[in-house]
Structures are given as C-alpha cells and as structure tokens.
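Trainee: I would like to learn how to read a protein model. Can we go through one together, feature by feature?
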Amino acid sequence: MKRVLGVLAGLLALTAAARPVQKPVVYELEGTKFEGVLVYDDSVKTPRPGLVLVPNWLGVNEPNLKQAALVAGMQYIVFVTDLYGQAVRPKNPDEAGKVSGVLKRDRDLMRARVNRALDVLRAEGKAVGLDAKKLGAVGFCLGGTAVLEMARSGVPVAGVVSFHGGLDAPLPATEGAITAKVLVLHGAEDPQVPPAEVKGFEEEMRKAKADWELVSYGGAVHSFTIVEANTPGKVQYDAKVARRAYLAMNDFLAEVFAK
C-alpha cells in the first residue's frame, strides 16, 4: 500500500477528482490487428492535449492502464499503445523479453508501430476533446525507447518523455531531424543503460541539434516508476525518485504545451 501511495502522491496534481474512462480501440497496421486503450476523464469538457503512452515490456495490462490513468488525470487524453499486436499479451518477463527483443532489433518496425499509435490518438481523440495541435508521447522502459524512436523519426509532436528507457540508437538522428523537445528521466545506477550508452545518447542529441534534457537520479536503477519492480540493484521501484520524475514530466509537458 505504501508503494502505491508513493505513486499517487507524485501525481496528485494530475489526478485530483479525476474520473478515468478506458476505451479499448482496435486498429491495424500492415495487416496486423492491434488493441490499445484510450484513457481520459469524461468530466472534463474543455480541449486537452493528447499523449501517446507506451507501457513497459509487458505491454497493455492492468498495472500499465492504472499508470496511464494517473498520467492522464484531468489534463490529458492518453492513448495506451499496443506495440505487439492484439494476440500478443506477455504473461511474464520471459515472454516479454522475446517479443520486445524483436522490436529492439528492428527500430524501423518500432517506429512504424509507435507512430501509428499517434494517428489513432488523433482520430479517436476528436470525440472526447483532444486538442490536436498539442500532442506528445510518454514511455516507460521499452516504451521510453519507443518514444525516443518517435522523436528520431521526425514526427511533429511537441515533446517526448522517456522514463528509464534504453538510449542506444541503431538509427541515430540526423542533424535537424528531431523537432520534438526531448526529456529523458534516467536512473544513474541503471545496469541496463550503462554510462557509455548515456554518453552516446548525449553526443547524438548534440549532433542532431535537438532541444533535449537528461535528468539522472542518483541511486536509482531500472524501472524506478514501476510499482511492481522489486529486484534490488537491477529493477526496483523508488517512490521518492518516481515522484521527482513525474513532477519533472509535469513541468516539461506544461512548457511544451504552453503555446
């Protein structure tokens, strides 16, 4: 319970009085069916920015939908992205590792799927108050990698936020390709994203002349926002760091959606 309360405290500004709706959305890409979920507060009648939210490697499941509802609050319309396909729902880390590995090795495929989700958000959000001029993306772990690939592909979104995502770039951004502002929230002790990978990302962003920021949280490892993560030294939830990271996300999104 204390772990859950830590997340709620970190997102208090977003979730006060929220009444989240979860609407499954089936869509297709190159003959494969996918099923994401549109998450929004139906009590809000004014236009709101939209976020593509890419969950961790377990994909669309109940814990990740709860996380999406917290991010959405009363401020955003969120589309939880299905990167794997309607028929693929990993039940454990072994299964998740196999299907996520396919996307990690094929960044063109990853980009195609996350960018398709942006199209779905635009289409489905119209009826529930989406401000189509204010779009962004947020991702966790594998999802963090995916939203960075969205940015590298040059899709015109206002900003992307990567929580403890991989920073390697098999297809590095070229100069001027990234139009989105980029925020990376990184665990300084993350064994899955070593210092050399962080350095490589920073060099990539400089060469691309991107508008970027990387926040490195001391003592944090991989999956620091994932409440269920509990393998010390490898993947572990950290309530304090999660709260700081969500507040950083809030400030960043407020800035990029200000105009």
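Trainee: Let me start with R48. Is R48 buried or exposed?

Mentor: First, a caution: this is a predicted model. Now the idea. A residue counts as buried when its relative accessible area is under 20%. R48 has a relative accessible area of 3%, so R48 is buried.

Trainee: Which residues does R48 touch?

Mentor: Leave out residues up to four places away in sequence. R48 then touches Y40, D41, M74, Q75, Y76, I77, V128, G129, L130 and D131.

Trainee: Which backbone oxygen lies 3.0 Å from the side chain of R48?

Mentor: That of D41, and the distance is to a polar atom of the R48 side chain. The R48 side chain also reaches the backbone oxygen of V128, at 2.8 Å.

Trainee: Next, aromatic rings. How is a pair of aromatic rings described?

Mentor: By two values: the distance of the centres and the angle of the planes. A search of the whole structure finds 8 aromatic pairs. One of them joins Y27 and F34, with 5.6 Å centre to centre and 20° between the planes. Planes under 30 degrees apart count as stacked, and the pair of Y27 and F34 is stacked.

Trainee: What about F140 and Y246?

Mentor: F140 and Y246 form a tilted pair, with 6.5 Å centre to centre and 50° between the planes. This pair links distant parts of the chain: F140 is in strand β5, Y246 is in helix α8, and they are 106 residues apart. F140 is buried, at a relative accessible area of 0%. Y246 is buried as well, at 1%.

Trainee: Which residues do ring pairs link into a cluster?

Mentor: Y27, F34 and F79.

Trainee: Now helices. At what angle do the axes of α4 and α5 cross?

Mentor: Think of each helix as a line and look at the angle between the lines. The axes of α4 (residues 93-105) and α5 (residues 107-125) cross at roughly 100° and come within 5 Å. Angles of 65 to 115 degrees count as roughly perpendicular, so α4 is roughly perpendicular to α5.

Trainee: Which residues make that contact?

Mentor: From α4, V102, L103, K104 and R105; from α5, R107, L109, M110 and R113. The residues of this contact divide into 4 nonpolar, no polar and 4 charged.

Trainee: How do α5 and α6 pack?

Mentor: Their angle is about 85°, and their axes are 9 Å apart. These two helices are therefore roughly perpendicular to each other. R107, M110, R111, V114, N115 and L118 in α5 meet L142, T145, A146, E149, M150 and R152 in α6. That contact divides into 6 nonpolar, 2 polar and 4 charged residues.

Trainee: Why is α6 described as largely enclosed by the rest of the structure?

Mentor: Because 11 of the 11 residues of α6 (residues 142-152) are buried. Among them are G143, G144, V147 and L148.

Trainee: What follows α6?

Mentor: G154 follows α6, and its phi is positive, near 90°.

Methods:
Residues numbered from 1 in each chain as written. Predicted model: local features only at pLDDT ≥ 70, side-chain atom pairs only at ≥ 80, totals over all residues. Heavy atoms only, no water. Buried < 20%, exposed > 50% of the residue type's maximum accessible area, 1.4 Å probe, protein only. Contact = heavy atoms within 4.5 Å. Polar contact = N/O pair within 3.5 Å; in protein donor to acceptor, adjacent residues only side chain to side chain. Helix = DSSP H or I, 4+ residues; strand = E, 2+ residues; numbered from the N terminus. Phe/Tyr/Trp six-rings, centres within 6.5 Å; stacked < 30°, edge-to-face > 60°. Axes fitted to C-alpha atoms, helices over the stretch in contact; angles between N-to-C directions. Parallel < 35°, antiparallel > 145°, perpendicular 65-115°, else oblique. Nonpolar A, V, L, I, M, F, W, Y, C, P; charged D, E, K, R; others polar.
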